[in-house]
Structure formats: C-alpha cells, structure tokens
Amino acid sequence: MDALLIVDFQNDFTPGGALPVQGGDEIGPSINAIADRFPFVVATRDWHPPDHGSFAGVEVDPERWEGLDPPGIWPPHCVQGTPGAELHDSLDRSQVDVVVDKAQDPNTQGYSSFHGGNLAEVLKDRGVDRVFVAGLATDYCVKNTVLDARREGFDVTVVADAIRGIDVEPGDSERAIEVMREAGADFTTSDELLTERTPG
Ligand SMILES: [Zn+2]
C-alpha cells in the first residue's frame, strides 16, 4: 500500500517563519492536489522542546549530543505548541490522516521523520510498503527521512516539485537529491501523479 508522507511542512520553515526555506510555501498547492490520490496521508512535525540542543544559545553537554551536525547551528524553530510549529496554513488538513511529531529529544537534531516518533510503526500498522515523500527541507529533514525510509525497507518515491531546500552551501539540495537516488529513491512530479493515479 502507498502512503503520502509530508515532512515538516510547518509555518517556521516557510517565508516569515523562524527558519524559512526559500519558496517553502510554494509546495502547498502540489501537496493538496495529490493528497487525495493516496489512501493514507501522514504529516510529520518538527516538534522541539524550548531547550532543544540544535538551537543557537542553548547549552549542550557534548557527551550527550547525538546530532548529525554540531549543536546550536539553527535559530530556535518549531517549538512545541507555538504557531510556528503548526502545519502550514495552506495545507488542507482534511486530507491528512495522521500527524506524527518528531525531534523531541533535545540531544539530537532529529532531522529524520523516523527519529523520536512512531512513524515506522504508524506506516507498518497500516500495511504501507511504499512512501511518496514531499516537504521541507530537501537537504535536511527530507533527505534523512528518505534515507531512513529506505533503511526501514520502504520503497520511496520523492515528489520533486513538492520539496524545497535550505542550501546553506550552494548545491546542497542537488547533492541531497543525488544521495537519495543512490539510496534507491525514485523521483516523480505532482503532474505525473495526477495523470497516473485516480482519486480515492
Ligand atoms: Zn528542527
């Protein structure tokens, strides 16, 4: 069974938010258009405690830090219960079956949607074996979610026009796409999905 996985499409990751991804808001229409072509739709939220170690200015015990990147490199974002942590205003929530919160452990960035939540369980309980991935940001949470989905044994297809990257270094998103391909992810577009798949 197929599922659509919407990664961290939250207010703080879109223009005007605390950690904006350029064009991050532009993925809304593509996601809303394809969501009803999937029998199961999951949205993940970056859901950090206020003292999360990825935030600039938060003190972190280096012995306990397990993040992929050094601590403190991001402005505070997606703090649990704040408007910035809510799913993006443009997302049609009525099409989302389950919301999974992740990245609650203060001692790791929790880039992957499989990190610190019960996403793998949610998908496997529903009999999902293939996930279509959209969301933010290409070079961090989307990439690490795709890599973990492959490790968990899912077939993965990325919806190329429904992701946007941060590109701290120019080319980061392109390199992330290459890494996802090498891990066995396929790529498609929302237009292709609308042509191939029927609603319901
Ligand atoms: Zn985060």
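**Entry 1: Thr138**

I began with Thr138, which I found in helix α3, residues 138-151; helices (H or I, at least four residues) and strands (E, at least two) are DSSP runs, numbered from the N terminus. I noted that this is a predicted model, in which local features need pLDDT of at least 70 and side-chain atom pairs count only at pLDDT 80 or more, while totals for chains, interfaces and linings use all residues. Residues are numbered from 1 along each chain as its sequence is written, and side-chain values use heavy atoms, with hydrogens and water left out.

Is Thr138 buried or exposed? Its relative accessible area is 2%, so I put Thr138 down as buried (under 20% relative accessible area, with exposed over 50% and partly exposed in between, using a 1.4 Å probe and protein chains only). Setting aside its neighbours within four places in sequence, I listed its contacts (heavy atoms within 4.5 Å), among them Lys143, Ile163, Ser173 and Met180. Gly165 is also in contact with Thr138, and the backbone nitrogen of Gly165 lies 3.3 Å from a polar atom of the Thr138 side chain.

**Entry 2: aromatic rings**

Searching the whole structure, I found 4 aromatic pairs (rings of Phe, Tyr and Trp, the last by its six-membered ring, with centres within 6.5 Å; planes under 30 degrees apart count as stacked, over 60 as edge-to-face and the rest as tilted). For Trp74 and Tyr140 the ring centres are 5.0 Å apart and the planes stand at 90°, so I recorded this pair as edge-to-face. The pair links distant parts of the chain, since Trp74 is in the loop between β2 and β3 and Tyr140 is in helix α3, 66 residues apart. I marked Trp74 as buried at 8% relative accessibility, and Tyr140 as buried at 13%. Ring pairs join Trp74, Tyr140 and Tyr111 into a cluster.

How values were computed
Polar contact = N/O pair within 3.5 Å; in protein donor to acceptor, adjacent residues only side chain to side chain.
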